[in-house]
Amino acid sequence: MKIGRATWAGKTRLALIDEQKQEVLFIEGGLASHLNPVLAVIEQGLTANDLKSAATDRAPLAEVKFLPPLSAFVRNVIAVGKNYHDHAMEFDKSGFNATSGASAIPAFPQIFTKATTTLAGPNDAIRFDSKHTSSVDYEGELGVVIGATCRNVSKADALSKVFGFVALNDVTARDLQKNHAQWFLGKSLDGFCPLGPWIATQDDAPIDSLRVQTWVNGELRQDAHISQLIFDVATLVETLSRAMTLQPGDIIATGTPVGVGIGFTPPKFLRHGDQVRVAVTGLGELINRVETL
Ligand code: MG
């Protein structure tokens, strides 16, 4: 199942995406009027077949404007730093890591969060005041969507607690990330977590197939397979759930591959008018333009 939200014919809709047919089905009824309908689908354990019976309308995929698949983040996005070997090296060499330790490669997952107000969708602009930050960077990533309340999940059971996956951009103000030492502020500017266009369940986006790619203005900057993660998805769920109860709709941003702006000399920070495109296999393309004040 590929599920999201979209505007169509002047209304906000719950949408089922069929990439093979290049078609979107719109779901009506009680569920569609839920404040956070995709979260309701996750919490209620509904399947594509459950939803199709309430489909009233359809449209060609190319004509649909997608919104963030979740209407709101219930909790902060849980994010992982330095989770690809080559990115860990480029980050430590960049001079922007105020928390670098003895080794560039972490021995344990490095966890931080992004505020709920970072939520943005495909088609939304990445906006910031260039007097506030002059070093905004992209981080194309695989997002994991938790499907069930869980605690102390073993690695072997971890994927059974995962609803599906979503493409996301862990947009980061590098100067704030460095100056404030803790990463929270530089990671939490309003709208700095675009995600979408849809969430795909594991049967429609098998974990072994996932490849993350990021382009800026058409130039391929990042290209990695999810098998290159230092701490894989199951390990992340096990580690997090040992400390905290995970809840349906929680998002884990699994880390970004090598090729972010600070990896270049000189750095390639985002500028007004730039277009960032993140694509993950089966998860569509997340496209956002940069707008500075
Ligand atoms: Mg990141």
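The side of domain 1 that touches domain 2 draws two or more residues from each of strand 1 (2-8), helix 1 (37-44) and strand 5 (65-67). Helix 1 supplies the largest share of that side, 4 residues. Helices (H or I, at least four residues) and strands (E, at least two) are DSSP runs, numbered from the N terminus. By residue type, the side of domain 1 that touches domain 2 consists of 8 nonpolar, 1 polar and 4 charged residues; Ala, Val, Leu, Ile, Met, Phe, Trp, Tyr, Cys and Pro count as nonpolar, Asp, Glu, Lys and Arg as charged, and the others, Gly among them, as polar.

The structure is a predicted model, in which local features need pLDDT of at least 70 and side-chain atom pairs count only at pLDDT 80 or more, while totals for chains, interfaces and linings use all residues. Residues are numbered from 1 along each chain as its sequence is written, and side-chain values use heavy atoms, with hydrogens and water left out.

Domain 1 spans 2-67 and domain 2 spans 77-292, with bounds from an automatic or database domain assignment. Their centres, taken over C-alpha atoms, are 25 Å apart. Contact (heavy atoms within 4.5 Å) involves 13 residues of domain 1 and 15 residues of domain 2. The size of an interface is often given as the accessible area lost when the parts come together. Here about 1100 Å² is buried between domain 1 and domain 2, and carbon and sulfur atoms give 69% of this area; buried area is the accessible area (1.4 Å probe) that two parts lose on being put together, summed over both. Within domain 1, the residues that lose the most area to domain 2 are Lys2, Ile42 and Phe66, which together account for 51% of what that side buries. The interface of domain 1 and domain 2 has 0 salt bridges, a salt bridge being a side-chain nitrogen of Lys or Arg within 4 Å of a carboxyl oxygen of Asp or Glu.

In the whole structure, 19 salt bridges are found. One of them joins Lys11 and Glu28, whose closest N and O atoms are 3.6 Å apart. This pair links distant parts of the chain, 17 residues apart, with Lys11 in strand 2 (residues 11-18) and Glu28 in the loop between strand 3 (23-27) and helix 1.

There are 6 aromatic pairs in the structure. Rings of Phe, Tyr and Trp (its six-membered ring) pair if their centres lie within 6.5 Å; planes under 30 degrees apart count as stacked, over 60 as edge-to-face and the rest as tilted. Phe66 and Trp198 form an edge-to-face pair, at 5.7 Å centre to centre and 65° between the planes. Phe66 belongs to strand 5 and Trp198 to the loop between strand 14 (193-194) and strand 15 (199-201), 132 residues apart.

Two cis peptide bonds and one backbone angle complete the description. The bond from Gly196 to Pro197 is cis, with omega near 10°, and Pro197 is placed in the loop between strand 14 and strand 15. Thr265 and Pro266 are also joined by a cis peptide bond, with omega about -10°. Lys82 is not a glycine, yet has a positive phi of about 50°.
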